[in-house]
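Please open the model in your viewer and keep the sequence panel beside it.

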Amino acid sequence: MNSQFIDSLGLRLGANGLPYEIPIHPQLVHLTLGLFIIGIIFDIAGAIFLIERPIFKFLGLTAIRSGFFDVGWYNLLAAAVVTFFTVAFGFFELLLANPLVEKKTAWGLSPGLTMLLHGLGGVLLLAIIVAMTVWRGLQRYRWRKDASRQVQWSYLLAGIAILGILYVHGTLGAQLGEELGIHVTAAKLIQEGTNPDLLFK
């Protein structure tokens, strides 16, 4: 990263190369993933859950089909909102990244290409999650509002395919931190010639 650019922003970067101790992007990524995965899983459960009456009464749980679809919808909606912040913090932290240039990832990619693919993939996934939310909303409030199965099978198949894309994209992000040392405090200290073991005793 250009040190003049950092100086112009007036940021005091810590040992991890960020103006705060813990990277925010990975935290939000896991929130996005959790919300999206739960949304799709509950919609699948609602689609195959054919009983229209409460079950598990002896546990005090009243599970009905529409309840599964409610959980699916609200989790997907939350995922769409959170993903805007996930991508925003991702780009901010990517701008401040200073990867180990001589290294390559397990997939044989250079740091620059890995960052480029992860950044572009993040924007693409944001668009996909928002599109899925719009599609889900149309099913819930327009197309299938009176149907017992609130989601289309094509929507569920698309959701499962997106889970695979999220896996690949998440692996790229993990490689940035684990293998290339981006915003990892110990990696940054080693890069500067400091022994982290001596510093944190």
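Begin by colouring the whole chain by accessibility: in this predicted model, buried residues make up 38% of the 201 residues in the protein chain. The chain exposes about 11,600 Å², of which carbon and sulfur atoms supply 68%. Switching to a cartoon view shows seven helices and zero strands, so that from the N terminus on the elements read α-α-α-α-α-α-α. If you display contacts between residues at least 6 apart in sequence, 72% of them join residues at least 24 apart.

**First stop: helix α2**

Select residues 24-48, which form helix α2. This helix has 25 residues and reaches 37 Å from its first C-alpha to its last, close to the 36 Å expected at 1.5 Å a residue. Now show the side chains of its buried residues, among them His-25, Leu-28, Thr-32, Leu-35, Phe-36 and Asp-43.

Move to Val-82, which lies in helix α3. Which residues does Val-82 touch, leaving aside those up to four places away in sequence? The list is Leu-28, Leu-31, Thr-32 and Leu-35, and of these Leu-28, Thr-32 and Leu-35 are among the buried residues of α2. A distance drawn from Val-82 to Leu-35, C-alpha to C-alpha, comes to 9.0 Å, although the two are 47 residues apart in sequence. Val-82 has a relative accessible area of 15% and is therefore classed as buried, the cut-off being under 20%.

A polar atom of its side chain lies 2.8 Å from the backbone nitrogen of Ile-24. Showing everything that Glu-93 touches, apart from residues up to four places away in sequence, brings up Leu-18, Tyr-20, Pro-23, Ile-24, His-25, Pro-26 and His-183.

Side chains of opposite charge can pair when their charged atoms come close. How many salt bridges are counted here? The count comes to two.

For one of them, select Asp-43 and Arg-136, whose closest N and O atoms are 2.8 Å apart. The pair links distant parts of the chain, with Asp-43 in helix α2 and Arg-136 in helix α4, 93 residues apart. Asp-43 is buried, at a relative accessible area of 0%, and Arg-136 is likewise buried, at 0%.

Next select Arg-140 and Asp-70, which form a salt bridge with the closest N and O atoms 2.9 Å apart. Here too distant parts of the chain are linked, Arg-140 being in helix α4 and Asp-70 in helix α3, 70 residues apart. Arg-140 is buried, with a relative accessible area of 12%, whereas Asp-70 is partly exposed, with a relative accessible area of 30%.

Select α5, whose 26 residues reach 37 Å from the first C-alpha to the last, close to the 38 Å expected at 1.5 Å a residue. Its buried residues include Tyr-155, Leu-156, Gly-159, Ile-162, Leu-166, His-169 and Leu-172, and what covers the buried residues of α5 includes α2, α3 and α4.

Within helix α5, centre the view on His-169, which is buried, with a relative accessible area of 14%. Leaving out residues up to four places away in sequence, His-169 touches Leu-117, His-118, Gly-121, Gly-122 and Leu-125.

**Last stop: a nonpolar patch**

Leu-116 is partly exposed, with a relative accessible area of 47%. Together with Leu-113, Leu-117 and Leu-120, Leu-116 makes a nonpolar surface patch of about 350 Å².

Key: Residues numbered from 1 in each chain as written. Predicted model: local features only at pLDDT ≥ 70, side-chain atom pairs only at ≥ 80, totals over all residues. Heavy atoms only, no water. Patch = residues over 30% accessible without salt bridge, like charges linked within 9 Å, V, L, I, M, F, W, Y side chains within 5 Å. Areas by Shrake-Rupley, 256 points an atom, 1.4 Å probe, with all protein chains shown as cover. Salt bridge = Lys/Arg side-chain N within 4 Å of Asp/Glu carboxyl O. Buried < 20%, exposed > 50% of the residue type's maximum accessible area, 1.4 Å probe, protein only. Helix = DSSP H or I, 4+ residues; strand = E, 2+ residues; numbered from the N terminus. Contact = heavy atoms within 4.5 Å. Expected span 1.5 Å × (residues − 1). Polar contact = N/O pair within 3.5 Å; in protein donor to acceptor, adjacent residues only side chain to side chain.
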